[in-house]
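Trainee: Hi! I'm new to this one, could you walk me through it?
Mentor: Happy to, let's bring it up.

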Amino acid sequence: MKLRRVLVLCFFLLALFLASIRSGRLVYTLLFISVLMPLLSSLYTLYVYYRLRVMQRLDSRYAIKNEPVKYICRISNEMRFSAVPRLELSFHSDLSEVKDIKDPMALSFDPNTSREVSTTLVCKRRGEYVVGVKKLMISDVLGIIRPAFDPPVELRVTVYPRILHPDSMGIFSFEGSKPRNMISSFDAVPGDTVHEYVVGDDPRLIHWKASARTGQLQVRQLTGIERPSLVIVADTRRFCAEEAAIAREDNLLETMLAMSAYCLEHNIDVDVYTAYSRFIIRSQGDFNELYEWTCHMTFEEGGAAAVIPEMHYSCCALLICGEDDNAAAMLTDAAESGAECVLMEFGGEHSDRPENHAAGFTFISVPDDCDITDILC
C-alpha cells in the first residue's frame, strides 16, 4: 500500500509539473485524474462501510472474569455488484481477548456474500465495558487508502469477579467452625440470657416471647456458644493510575468474596464494611447482594477511607489498594482488644513491616500478579 501511495503521489506531482510548463486537454485530464483518485477512493470506502453489516453476539451479556464465553462475529457485504478487496478487523485487547483469531483479521468479500467467525472471548477484568470488534479498516480498490471506522453497533458486556473457594483460610484460625448444615446460627443453650435491644444488636437474636412479656425488645445474649465472626473492611479508595489500579482492585474484591464465601459455608458470621456500605452475610441471598455490588461499584480517587467499626468480632481483615500508615494504626487498636487482625495491601511496595507484627496482627503485601488462593490458604 505504501508503494501505491508513492506512485499516486508521483503521478500527481508529474501531472502538476506538466500543467505548469504546458497546457492541453491531455495534461489537464491527467491532473484532474490525479486529484480525483484519492477523493473517489475515500467515497468508495465510505460507501462500502455503510453497505457492510457487522453482527456480533455473545452467549450472554453477563460474564465472569477469565471464563470463556462463545463469541460470534458475522460480516455481510450487501453490495450486489461490488466486491470488497480487503477488510481488516481489529479487536479490543486491553480488557478482553478474542481467542484463536489473528489481530487484525484480514477478509475479502465477493458481491452479496458473508463470512462468520465463531470462537470464544475471555474478559480479563470485571466491570462493564465494550468487547469484540474495535475498528473496521477498509481498503479501496486501488489500495491507496485504508481508513478505520468504528463498528456500527458496539458489543457491551457486564463482567463479574471470580468467586474463589479456598479449602482453608490459613490467615485466620477460626477455631471451632463447622459446616453450616451442622449447627443452627442462633441456637440457644442453657445459660443464655436476654437484655434490652440496643443499636448494633443482630435483629435475628430478638427473643420475641420475652419482648412480648416486657413490652420492650429483648435480645438473646448467647453465652453457651461463642461463634467465630469476621469483619472485612474494604477500603475503596484509588491510590494510583487507572491502568495499574485495575488489577489490584480486582484482587481486593475477589479476596473479599472468597473470605465471605468461606465464612458462609463454615457457619462464620461475616460483616463487610466500606466507606459507604455495609453487608451482613448470613445467607446466600446476602452474599448475592454483595456479589452484585462488586460488579458495579467503582473505586474513587480521593474518596473517604473505610473505618473499622466498634463492635465485637473475633477476626478482622482490612483490605486496601495501596499504602496507608493510618490503616496499621486502626488495626493495632483492634488487635489490642483481642481480635485476630490481618492487613492486606494490594500492590504495595513494602514486602514486610516487622514493627506491625509486634502489635498483634499480620501484614500481607499482595503483588499484582499474585494468585489470591495462594495467599488465603
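Trainee: Let's start with V84. Which residues is V84 in contact with, leaving aside its neighbours within four places in sequence?
Mentor: V84 is in contact with Y44, V48, L52, N77, M79, S108 and F109, where contact means heavy atoms within 4.5 Å. This is a predicted model, so local features need pLDDT of at least 70 and side-chain atom pairs count only at pLDDT 80 or more, while totals for chains, interfaces and linings use all residues. Residues are numbered from 1 along each chain as its sequence is written, and side-chain values use heavy atoms, with hydrogens and water left out.

Trainee: Thanks! Is V84 buried or exposed?
Mentor: V84 is buried, with a relative accessible area of 1%. Buried means under 20% relative accessible area, exposed means over 50%, and partly exposed is in between, using a 1.4 Å probe and protein chains only. The C-alpha atoms of V84 and D140 are 8.0 Å apart, although the two residues are separated by 56 residues along the chain.

Trainee: Which strand is V84 found in?
Mentor: V84 is found in strand β4, which covers residues 84-91. Helices (H or I, at least four residues) and strands (E, at least two) are DSSP runs, numbered from the N terminus.

Trainee: And what does β4 pair with?
Mentor: β4 pairs with β6 in the antiparallel sense, over four bridges. Two strands pair if DSSP finds at least two bridges between them. As one example, L89 has M105 in β6 as its bridge partner.

Trainee: What's the strand order in that open sheet of four strands?
Mentor: The order is β6-β4-β9-β10, with antiparallel pairing. At the edges are β6 (105-109) and β10 (148-149), each pairing on one side only.

Trainee: What about the open sheet of three strands, which order does that have?
Mentor: That sheet runs β2-β11-β8, and its pairing is mixed. β2 (62-64) and β8 (127-131) are at the edges with a single partner strand each, so one side of each has no neighbour in the sheet. From one strand to the next, the twist averages 40 degrees.

Trainee: Which helix lies across β2, β8 and β11?
Mentor: Helix α5 (residues 284-296) does, running at about 135 degrees to β11. Axes are lines fitted to C-alpha atoms, for helices over the stretch in contact, and angles run from 0 to 180 degrees between N-to-C directions.

Trainee: How do α4 and α5 cross?
Mentor: Their axes come within 11 Å and cross at roughly 175 degrees. The two helices are therefore roughly antiparallel to each other. Angles under 35 degrees count as roughly parallel, over 145 as roughly antiparallel, 65 to 115 as roughly perpendicular and the rest as oblique. Residues making the contact include M256 and S260 of α4, and F287 and L290 of α5.

Trainee: Tell me about S260, is it buried or exposed?
Mentor: S260 is buried, at 0% relative accessible area. A polar atom of the S260 side chain lies 2.9 Å from the backbone oxygen of M256. Not counting residues up to four places away in sequence, S260 touches I232, V270, V272, F287 and L290.

Trainee: Changing topic: how many disulfides are there?
Mentor: The structure holds zero disulfides, a disulfide being a pair of cysteine sulfur atoms within 2.5 Å. For C263, the nearest cysteine sulfur is that of C315, 8.2 Å away. C263 counts as buried at 0% relative accessibility, and C295 is buried too, at 3%.

How values were computed
Polar contact = N/O pair within 3.5 Å; in protein donor to acceptor, adjacent residues only side chain to side chain.
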